[in-house]
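Subject: Structure for your review

Dear colleague,

Please find the structure below, together with its sequence. My notes on what was found in it follow directly after.

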Amino acid sequence: IKQKKRHMGDTKHFCPVSLKEHFVLHPGLQEYAAKYKEKIYYFSTSEYRDKFLKNPEEYVAHNEPIQAPPLRVCLLGTHGAGKTTCARQIADKLGIFHIQFEEYLQELILPKTRRKVGPQFDEEHEEDDNKIPVLSEELEDSSQTKTETEKSKQEEVLTEEEEAIKANLMDSKELPPEVLDNIVLDWWKKEPFRSTGFILDGFPRTVDEAQYLSERGLCPDVAVYIQVEDSDILDRLFPPRLKKWKDKRQRKKEYKEKMKDLKAKMRV
């Protein structure tokens, strides 16, 4: 074992070409190994092995050790497990970016949808849309407001990519790889994420999304799954839902009282 460690290349079992060109620690495979100056290097693909052999000095350490990329973490867990709370604390402590995946998707389409979409927001939107003005001045302008709202909805035209994002948020439909390419690749390959690092909160969420990361060579340094008892999740999520339900009932009660007073005034 000691002998093998002494003969490993500068990047150990990680691919030196992936590290040099993409700043990613991609595990190499034994079947794609090569020997240079009595040291063994492993590569993620045969193409990268051939590229290394053509110009090995470009990918090995010289006067200083090869710089490792910043920390990239994928934080996983069911809804209500506390991912976002933990991710914020970790990001602050380590000085890396916190990326909440679903919130990021919402921001991409928010300029056109003008409000967040998804099952958890539908009830709020329905309540807002069904509100009836109480004041007499609002009654006079209600038809005009309704026309403007309908016009704004008609003018909302989403691109194919935005439609895919909306379908994902509304019905959990898989995002196509070409859409993920326009979102996820930047976090590994573009600044300021590339040199700072990040904790990705809530991605990957499915086997296909995990497979996507593998196929693109986007390797997180750490993947953490937060496992929480169902009873703990219920204790976290139920109280705010109950409060929301109570507030809604109270608003309905106040609305009925205001309408009753308004009708009485109109009779007079």
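H26 is located in the loop that connects α2 (16-22) and β1 (29-36). The model is a predicted one, and in it H26 has a relative accessibility of 17%. H26 is therefore classed as buried, since the cut-off for that class is under 20% relative accessible area. Setting aside residues up to four places away in sequence, H26 touches F14, C15, S18, S44, G217 and C219.

The largest nonpolar core comprises 25 residues. Within this core, F101, V184, W187 and W188 touch the most other members. Two or more residues of the core come from each of α5 (101-113), α8 (160-171), α9 (177-181), α10 (185-189), β5 (198-201) and α12 (207-216). As a general point, nonpolar side chains in soluble globular proteins tend to be buried together.

The surroundings of F101 may be of particular interest to you. When neighbours within four places in sequence are excluded, F101 is in contact with L175, L180, I183, V184, W187, D201, G202, F203 and R205. Two of these partners, V184 and W187, were named above with F101 among the residues that touch the most other core members.

E102 also belongs to helix α5. Is E102 buried, exposed or partly exposed? Its relative accessible area is 35%, so E102 counts as partly exposed. Beyond its neighbours within four places in sequence, E102 is in contact with L169 and R205. E102 and L169 are 67 residues apart along the chain, yet their C-alpha atoms are separated by 7.5 Å.

E102 leads on to the largest pocket, where it is one of the residues that lie nearest the centre, together with H79, G80, Q100 and Q120. This pocket has a volume of about 1,100 Å³ and a lining of 35 residues.

The largest share, five residues, is that of α13. In terms of domains, at least three lining residues are drawn from domain 2 (72-131 + 158-228), and at least three from domain 3 (236-267).

Yours sincerely

Methods:
Residues numbered from 1 in each chain as written. Predicted model: local features only at pLDDT ≥ 70, side-chain atom pairs only at ≥ 80, totals over all residues. Heavy atoms only, no water. Core = buried A, V, L, I, M, F, W, Y, C linked by side-chain atoms within 4.5 Å. Buried < 20%, exposed > 50% of the residue type's maximum accessible area, 1.4 Å probe, protein only. Helix = DSSP H or I, 4+ residues; strand = E, 2+ residues; numbered from the N terminus. Contact = heavy atoms within 4.5 Å. 1 Å grid on protein atoms, 1.4 Å probe; cavity = no way out; pocket = protein on both sides within 12 Å on 5 of 7 lines; lining within 4 Å. Points joined across faces, edges and corners; volume = space filled by probe spheres on them. Domains from an automatic or database assignment.
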